[in-house]
Amino acid sequence: MKLSVLDLIPLRSGQTSRDALLASQALAHEADRLGYTRYWVAEHHNMEAIVSTVPAVLIPFLAEGTSQIRFGSGGVMLANHAPFAVAEQFALLSEMLPGRVDLGLGRAPGSDQLTAAVLRQALPGDGVQNYVRDVTLLRELLGGGETPVGERVHVEISGRPFDLSATPAMSTAPDIWLLGSSAYSAEAAGQLGLPYVFANHFGMPGIDETLRLYRESFIPSASFPEPRTLVPVNVVVAENAEEANKLALPQKLSNARLRSGGKVEPQATVDEMENYDWAAREFMAPAPGPDSMFVGTPEHVAEGISALATRLGADEVMVSPVAGAYAGDDVDRGVRREESLRLLAREIL
């Protein structure tokens with residue numbers, strides 16, 4: 001089974017943003033060394049506890065010193081951007097890392113309504129309604145549609161025809177994936193002949209039905225003659241179950257705060273969780289779906305995600321290592337997150 005990594009670049013108690021970035025760079029190097037397939041970063045805005053905001057800027061920093069792992073976005077929120085701007089960003093990345101770039105595209109803004117409005121203030125429409133149109137244009141600009149890599153795309157602006165190309169010229173095009181958690185996104189990916197990622201790591205319901213809709217609606221494309229799916233999950237892996245459960249507590253608190261409408265602050269340390277007094281709204285917050293997070297020994301977690309992948313017919317599993325840190329851990333390393341990747345690779349890769 002292929003394994004990949006999703007990194008939201010969380011900020012933990014006592015860390016600066018620079019510390020968190022260095023920790024993720026070290027995590028990317030470890031994933032590369034261990035043989036993980038790809039390493040994706042997300043686009044989230046106006047969230048103090050998340051450092052991952054602009055994937056196209058992050059990728060060169062994370063990729064420095066790696067040799068084989070692919071890098072990509074999980075994802076770029078297309079509602080926030082002009083497709084041509086995204087095309088040029090990923091054309092540049094494809095020349096920096098030939099054959100090692102993925103472009104995952106999401107439909108939602110990935111932020112609150114105010115931030116979304118600010119991001120789109122110079123763009124027409126709300127972005128979400130134009131999603132399929134924008135994906136189609138972006139795909140053509142990057143050579144993944146009917147227009148070959150390096151050739152100009154014919155577009156109409158105000159009723160007038162123009163030729164357009166994303167620069168610099170690319171020798172290899174990035175692979176485009178569509179991200180989502182609804183029937184709309186699944187059917188869009190299927191009809192466009194693109195790979196699909198269900199946002200399972202958020203604990204969203206309906207993954208079995210959504211992936212079924214994707215496969216039923218799939219129309220083969222030149223780049224992807226068969227449907228392809230990737231399932232993201234959160235993992236906390238340790239040598240024994242007791243330690244894994246302790247390391248999972250900071251992430252469980254962050255989930256509870258997010259789901260109860262509370263402020264998502266930098267992640268607590270494991271030490272801070274020992275005597276933490278859960279607020280009523282945190283304690284009563286709805287739990288994410290059971291297939292979204294796997295906690296335990298390497299054997300237990302490997303068995304769980306393998307069974308999930310088999311049930312869903314997934315081609316690949318993307319793990320988000322969310323193990324917490326102790327107060328004495330180096331702030332510029334995520335040693336418990338790295339350990340999760342090592343232990344899981346030992347069982348599966």
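Student: What makes the charged end of R107 count as sitting over the ring of Y184?

Tutor: In this predicted model, the charged end of R107 is 4.0 Å from the centre of the Y184 ring. The distance cut-off is within 6 Å, with a further limit of within 35 degrees of the ring normal, and R107 is listed as sitting over the ring of Y184.

Student: How many aromatic pairs are there?

Tutor: The count is five aromatic pairs. One of them joins W40 and W177.

Student: Why is the pair of W40 and W177 called edge-to-face?

Tutor: Their ring centres are 5.6 Å apart, and a pair needs centres within 6.5 Å. Their planes stand at 80°, and over 60 degrees counts as edge-to-face, so that is the name for this pair.

Student: Which parts does the pair of W40 and W177 tie together?

Tutor: W40 belongs to strand β2 (residues 38-41) and W177 to strand β7 (residues 175-180), so the pair links parts that are 137 residues apart in sequence.

Student: How do you know whether W40 and W177 are buried or exposed?

Tutor: Buried means under 20% relative accessible area. W40 has 1%, so W40 is buried; W177 has 0%, so W177 is buried too.

Student: And why is the pair of Y214 and F218 edge-to-face?

Tutor: The centres of these rings lie 5.8 Å apart and the planes are at 75°, which is over 60 degrees, so this pair is edge-to-face. Y214, at 0% relative accessible area, is buried, and F218 is buried at 11%. Together with Y196, Y214 and F218 form one aromatic cluster.

Terms used: Residues are numbered from 1 along each chain as its sequence is written. This is a predicted model: local features need pLDDT of at least 70, side-chain atom pairs count only at pLDDT 80 or more; totals for chains, interfaces and linings use all residues. Side-chain values use heavy atoms; hydrogens and water are left out. Rings of Phe, Tyr and Trp (its six-membered ring) pair if their centres lie within 6.5 Å; planes under 30 degrees apart count as stacked, over 60 as edge-to-face and the rest as tilted. Helices (H or I, at least four residues) and strands (E, at least two) are DSSP runs, numbered from the N terminus. Buried means under 20% relative accessible area, exposed over 50%, partly exposed in between (1.4 Å probe, protein chains only).
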